[in-house]
Amino acid sequence: MLRIITEPFEAKQELQRISDRTHNEQIETQSAIVKEIISMVRKRGDKALLEYTEKFDRQVITQLKVSGSEIDAAYQQISRDLLKAIKLAAKKIEAFHQKRVPKSWVQFEEDNVVLGRRYTPVDRAGLYVPGGRASYPSTVLMNAIPAKVAKVPRIVMVTPPSQEGKINPSVLVAASEAGVTEIYRVGGAQAVAALAYGTETIPKVDVITGPGNIYVTLAKKEVYGTVGIDSLAGPSEVLIIADKHANPVHVAVDLLAQAEHDPMAAAILITDSAKLAEQVQTEVIKQLEDHPRRILTEKAIAHYGVIILTENLIQAAELSNLFAPEHLELEVESPWELVEHIRHAGAIFLGNSTPEAVGDYLAGPNHTLPTSGAARYASALGVETFMKYSSLIEYSPKALQTVSQAIIDLTTAEGLPSHGNSVKYRTKNPHG
């Protein structure tokens, strides 16, 4: 059952406990395993990948790369309705991200000084898509389309195989529609290692994105610096701020929609209505009765689900900012007024007709979001994840002469004479 908390101090403690739920005693052991996996992949390449796939995924595979015929066959294995939905989602996601492409620019200043910024994509992007018993075509779209919009020349996807070493056909179709150039049937920390360092078959990439289990997350942390990463994704979370006008049935199902992801998913309601709190508490129990994923959903609700009762919505917003949720739903009468008080959230869903599922699948903004409080300083995955910029600087002889003494003074203060001389030799004796 969802607990109801009324004391502010207890509420803050509970939110901190939930935020810290991934900081457990097993991390050191898991990190050691991940380091060993990465080391073996660097040393043994494809052989290590095949051995780890047999060990962890219980699949004996001989071909890492997914063939074009497999992708063609996938189109015949999904329904027309699903294909239509994938195409619609891809269209909306691409349209949104096209608006986010950073533009290169230059500006011309006095004395023929030119300053600017030039954006270019990475050469190779590596996308991790969870798999095995589940399939996530939406994750494929959300990770691949920004890379495609950024004009990344080579988009490489890895995903663990399911039964008989196959990849779910909806995932293959989504990859094809999103512009993925090559797909490999491998998952876990070993797949991250392959993307970071390369093997005989899988190319080394520049950026790795996409969510995964704790081993995938720790592997991304370990290889960061060798490659760029999007974020260190933790278990998913939703925080709902609701007032007396909210529908308790809708609030309850939105909480369960998050809890059904994983036993460690967090589902939090903050409200200023005691009546709504009790109604949602009852409704969650009711909706769980015949839930297909009842066992894991109940675990998430029991351990990381909570209802917090506040005096007003401003207090609710402050508690939300403290937690900095991955997903924030504002199921209140005036969401655009309340959003002015929100400072930290990965994605914000405004109004009673905007469940999180809209953003997860089709609206356009990315669903790969910062978790575990990272929304305080991080943002959603986007086109910028797959791009970097170079500064552009050009000084004319006159412009360099104008600022030469200031540069020389600064280099002298830092004890770097050749820095100063690089300016002095050009301005004091330009022909020497």
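Two strands pair if DSSP finds at least two bridges between them, and strands here are DSSP runs of E with at least two residues, just as helices are runs of H or I with at least four, both numbered from the N terminus. With that in hand, hello everyone, and let's look at Phe108, which stands opposite Val114 in β3.

A quick word on the model. It is predicted, so local features need pLDDT of at least 70 and side-chain atom pairs count only at pLDDT 80 or more, while totals for chains, interfaces and linings use all residues. Residues are numbered from 1 along each chain as its sequence is written, and side-chain values use heavy atoms, leaving out hydrogens and water.

Back to our phenylalanine. Phe108 sits in strand β2, residues 105-109, and five bridges join β2 to the antiparallel strand β3, residues 113-121. The open sheet has three strands in the order β2-β3-β14, with antiparallel pairing. Which strands stand at the edges? They are β2 and β14 (387-394), each with a single partner strand, so one side of each is left without a neighbour in the sheet.

Is Phe108 buried or exposed? Phe108 is exposed, at 66% relative accessible area; for us, exposed means over 50%, buried under 20%, and partly exposed in between, with a 1.4 Å probe and protein chains only.

Now for some salt bridges, meaning a side-chain nitrogen of Lys or Arg within 4 Å of a carboxyl oxygen of Asp or Glu. The whole structure has 13 of them. In one, Arg17 meets Glu14, with the closest N and O atoms 2.8 Å apart. These two are three residues apart in helix α1, so about one helical turn separates them. Arg17 is partly exposed at 36%, whereas Glu14 is buried at 8%. Arg3 joins Glu14 and Arg17 in a network of salt bridges.

Another pair reaches across the sequence: Glu237 and Arg21, whose closest N and O atoms are 3.4 Å apart. Glu237 lies in strand β9 (residues 237-242) and Arg21 in the loop between α1 and α2 (27-44), so the pair ties together parts that are 216 residues apart in sequence. Glu237 is buried, at 0% relative accessibility, and Arg21 is buried too, at 6%.

Glu70 is in helix α4 and Arg185 in strand β6 (residues 182-185), 115 residues apart.
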